[in-house]
Amino acid sequence: MSLAELFILAVGLSMDAFAVSVCKGLATGKLKLKHYLAVGLWFGGFQALMPTVGYFLGSTFEKYITAFDHWIAFILLALIGGNMIREALSGDEESADASIGFRTMLTMAVATSIDALAVGISFGVLPNVNVPAAVSFIGVTTCLLSMLGLKIGNVFGTKYKTKAEVTGGVILILIGLKILLEHLGIIGF
């Protein structure tokens, strides 16, 4: 996986955390360093942890699924991306909650990183993925974008939330399609 592909994947995965951070920023009056650290470390940490767990699951079962691993990666990424788009366009508004307490942040960090678990499973079955570098890059990217989302939400409100989620979903679907087409020999990058 190239650095450009990894960057695009990291940005796509971070869009849920970015959107939640925008909501946090909207609900928070005056932002302090603790707010930035809470959203950045919780969301970035879980976006790094979940693909690591997924990788170990995927690599454990690799010998059983090597023949169709590209289909698994495509289906998982397409489902995750499609779900992100569906949720973004559903019109259901998440309530803005300024809490950065343990229980609240743990729940949101897990919820926004489930898709990263599935991506980690695909890491376990795809060749040429430097997993430590990939999960670190995903975690740092999510941390930074979550902090940015907090500030954007605090300044602009939820104006860009839906666009960010749709963009993230489209990116994940396109990455899955690229993996499938490469393994089928239709394209070669």
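Mentor: Happy to. This is a predicted model, and its protein chain has seven helices and zero strands.

Trainee: What order do the elements run in from the N terminus?

Mentor: They go α-α-α-α-α-α-α.

Trainee: And how much of the chain is buried?

Mentor: Buried residues account for 45% of the 189 residues. The accessible surface comes to about 9300 Å², and carbon and sulfur atoms hold 70% of that.

Trainee: What share of the contacts comes from residues 24 or more positions apart?

Mentor: Among contacts with a separation of 6 or more, such residues make up 93%.

Trainee: OK, helix packing next. How do H1 and H5 sit against each other?

Mentor: Helix H1 covers residues 3–27 and helix H5 covers residues 102–125; they pack at an angle of about 170°, with their axes 10 Å apart. An angle over 145 degrees counts as roughly antiparallel, so that is the description for H1 and H5.

Trainee: Which residues meet there?

Mentor: On the H1 side they include Leu9, Leu13, Asp16 and Val20, and on the H5 side Met105, Met108, Asp115 and Phe123 are among them.

Trainee: Changing topic: how many salt bridges does the structure hold?

Mentor: The structure holds one salt bridge. Glu5 pairs with Lys178, and their closest N and O atoms are 2.1 Å apart. The pair links distant parts of the chain, with Glu5 in helix H1 and Lys178 in helix H7 (residues 161–183), 173 residues apart.

Trainee: Are those two buried or exposed?

Mentor: Glu5 is partly exposed, at a relative accessible area of 24%. Lys178 has 18%, and since buried means under 20%, Lys178 counts as buried.

Trainee: Now helix H6. What does Thr142 touch?

Mentor: Thr142 lies in helix H6, which spans residues 131–156, and is buried at 0% relative accessibility. Not counting residues up to four places away in sequence, Thr142 touches Ala10, Ser14, Ala17, Phe43, Gly44 and Gln47.

Trainee: And Cys143, what does that one touch?

Mentor: Cys143 lies in helix H6 too and is buried, with a relative accessible area of 14%. Leaving out residues up to four places away in sequence, Cys143 touches Gly40, Leu41 and Gly44. The C-alpha atoms of Cys143 and Gly44 are separated by 4.2 Å, although the two are 99 residues apart along the chain.

Trainee: Where is Phe46, and what is it in contact with?

Mentor: Phe46 is found in helix H2, residues 33–60, and is buried at a relative accessible area of 15%. Setting aside neighbours within four places in sequence, Phe46 is in contact with Leu41, Pro51, Leu106, Ala109, Val110 and Ser113.

Trainee: How far is Phe46 from Gly139?

Mentor: They are 7.4 Å apart in space, C-alpha to C-alpha, and 93 residues apart in sequence.

Trainee: Last one: which residues form the nonpolar patch on the surface?

Mentor: Phe68, Trp71, Ile75, Leu79, Leu184, Ile186 and Ile187 form that patch, with about 660 Å² of accessible area together. One of them, Ile75, lies in helix H4, residues 69–89.

Trainee: How exposed is Ile75?

Mentor: Ile75 is partly exposed, with a relative accessible area of 42%.

Trainee: Great, thanks for going through it with me!

Definitions and conventions
Residues are numbered from 1 along each chain as its sequence is written. This is a predicted model: local features need pLDDT of at least 70, side-chain atom pairs count only at pLDDT 80 or more; totals for chains, interfaces and linings use all residues. Side-chain values use heavy atoms; hydrogens and water are left out. Patches are made of residues with over 30% relative accessible area and no salt bridge: like charges are joined within 9 Å, nonpolar side chains (Val, Leu, Ile, Met, Phe, Trp, Tyr) within 5 Å. Accessible areas come from the Shrake-Rupley method with a 1.4 Å probe; for residues, only the protein chains shown count as cover. A salt bridge is a side-chain nitrogen of Lys or Arg within 4 Å of a carboxyl oxygen of Asp or Glu. Helices (H or I, at least four residues) and strands (E, at least two) are DSSP runs, numbered from the N terminus. Buried means under 20% relative accessible area, exposed over 50%, partly exposed in between (1.4 Å probe, protein chains only). Contact means heavy atoms within 4.5 Å. Axes are lines fitted to C-alpha atoms, for helices over the stretch in contact, and angles run from 0 to 180 degrees between N-to-C directions. Angles under 35 degrees count as roughly parallel, over 145 as roughly antiparallel, 65 to 115 as roughly perpendicular and the rest as oblique.
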